[in-house]
Amino acid sequence: MSLSKDRRWVLPYYPLIPDGNIVLDWDNFLPAELDNRRDADRLKKSFMLYFSVLVDHLEGGKKFAPTTLERDFLDHRAIARWMARSGIWGISELKISHVLEFLRSRKSRTAGNRPAQRTIDGWVHKFQRMWDLRDRYKGSIKIDVGCFEDEINTQVKGRQTNRWKALPDNVAFALITDGLNWVETFGDFCLEYMTAYVRYRSESSLMTEDKRNRFSKIFFEKLRSDDRFKLLANRLNYSGRTSNLMLIALGVLEGACLVLLFILVGMRISEVIALSRYSLTSEDIADGFRYLSGPAAKKDGAIRRWVLGRPLVQVVELMIKFGDIVRNGGSSALFLNRHNASGLFDSSKKAIRMSRTSMLLRLHYFAVSGLRNNSVQAEKFHPHMGRKTFAQLAVRRDRSLLEPVSAHLGHVYQSFTDGVYVGQDHSLAALLSEADRRELAASLEHLLSCGTIVGGGAKGLEKARSELKFKGKRALKSVVKGLVEKGVKIAPCDWGFCMYNEAFSACGGNTVGPDEAKRSPDVCAGCKNFAVTERHRHWWEDRIKREEKFLLQKDLPEQTVALVSRRLSRSKDVLKDVVWLQAPAPTSESM
């Protein structure tokens, strides 16, 4: 990349921007209408010198992805344009009062809201970085904003926000169901409309205005007479011109396809934007499953593959057909932008790749806007919410999927997937999902009604078991419901139940639950949280048989004999305290 003498900095090719190199255009860095060109050039040069240092010398030569550099360029352009409007013509002229005024001038993307605190912190970090690199460029900043932290916190208050969270189950399932329904019901109809519309635009472009108006009237009257259009109009919460209704319908349909990719595949938005019409491989893995191939984010654009089930294959094929109608020798992107001049697509222009802003708008159309009549809507939807929903839906149902899901999402550490995406509230110990609540209730019902229960954890249930001794199932379910609502934690396993209490945890568990890595029969057997019922009888009996058989071998080392003997003794201790019954103790309702 060329440095400060050039007006256009062409960044290296980046697979996530496949349609061409990103260009940082310094000619458009400041508004063209500025009167004082000499001062404007001085300000621009000041930022060019700083930015060249930022790119090539930051923190031991660390390199940024081209997209990160582009965002940084646009952010510094916003600072420079504010400075020009305020009559500040060099980085070295900035004072803390200027920084505070700039921060107060920042607006939220949502009308009426303050910027998020993280946004404010991001701007402060940019000014701090100017100070940190002050010895590497001429005309550097003279103030250390870190020394004015109290003033900034007092005078500029950002809006507190939470991380993107996964969608509630009922919302996620509703969006998936309705998304598939839209693709199945309206996909072919919208394809036919787009084909006819492009032909209509081409034929009418050479007509006189009167003839074009008559032609347009006939075209849309025919469309309105189609039963599929009537069904579509009934499904949309919109009343207006037919052409506008179809424009909205196409946006909702594209949004449905995007929502399905984010929730059911867990892709990042940059990865979806970078997909091309050739990303869907022709290889049939099994039973209609195919691969979607494209550059991966945060992997320097290395090519990776995602597995698609049959419904998602249909989604991608639909978008390929959409693009092929209007591509016109333009971008090979899977998702394409519309041409503003036509309201839909202009066959005289080459198609361009869908932008991030346009993609977020399509998602809003389908998931949030209320354009779908009588349908479940999300309060908000962001692609990262789709990724987290994908992770939670998979891992919460089967925690053994944590490793493959973590790999699928491109995470280096499973703990990151579990802690940030799946969340501790979805771990086995917490049992907060509806499915886990049912499992927790079933475990409690068994522990409260079984014939025999022993172990340190049994003491916590003695009072409840005693009170339920001569009562029926209704009372049992009432007690179980109360225990669930109080947040009782139970971690079942093959050899017993953990009636979890962190204070008594022999495995060194935390506030979430037992330590799965340190849990073992021997550790659990000596724990005050442990409970065993007749359900686990055969597991302990089989263990005793294995240990006794093992000790019959000749020439075993003394340490091995001692270790296995201790395990055998502990297994027998567990069994000897239990009066094993063939069935749970009868209740009054079963007598």
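The exercises below, each with a worked solution, concern a predicted model.

**Exercise 1.** Describe how helices H6 and H9 pack against each other.

Solution. Two packed helices are described by the angle between their axes and the distance between the axes. Helix H6 covers residues 169–204 and helix H9 covers residues 242–265; their angle is about 135° and their axes lie 9 Å apart. Angles under 35 degrees count as roughly parallel, over 145 as roughly antiparallel, and 65 to 115 as roughly perpendicular, with the rest oblique. H6 is therefore oblique to H9. The crossing of H6 past H9 is left-handed. Residues making the contact include Leu-175, Gly-179, Trp-182 and Phe-186 of H6, and Met-246, Leu-253, Val-259 and Ile-263 of H9.

**Exercise 2.** Find which residues touch the most other members of the largest nonpolar core, and list the contacts of Phe-381.

Solution. The largest nonpolar core has 73 residues, and Phe-335 and Phe-381 touch the most other members. Neighbours within four places in sequence are set aside for Phe-381; its contacts are then Leu-167, Leu-175, Val-259, Phe-262, Ile-263, Leu-363, Ala-367, Val-368 and Gly-386. A separate second core holds 46 residues, among them Leu-30, Ala-84, Tyr-137 and Val-156.

Terms used
Residues are numbered from 1 along each chain as its sequence is written. This is a predicted model: local features need pLDDT of at least 70, side-chain atom pairs count only at pLDDT 80 or more; totals for chains, interfaces and linings use all residues. Side-chain values use heavy atoms; hydrogens and water are left out. A nonpolar core is a set of buried Ala, Val, Leu, Ile, Met, Phe, Trp, Tyr and Cys residues joined through side-chain atoms within 4.5 Å. Buried means under 20% relative accessible area, exposed over 50%, partly exposed in between (1.4 Å probe, protein chains only). Contact means heavy atoms within 4.5 Å. Axes are lines fitted to C-alpha atoms, for helices over the stretch in contact, and angles run from 0 to 180 degrees between N-to-C directions. Helices (H or I, at least four residues) and strands (E, at least two) are DSSP runs, numbered from the N terminus. A crossing is left-handed if the near helix is turned anticlockwise from the far one by less than a right angle, and right-handed if clockwise.
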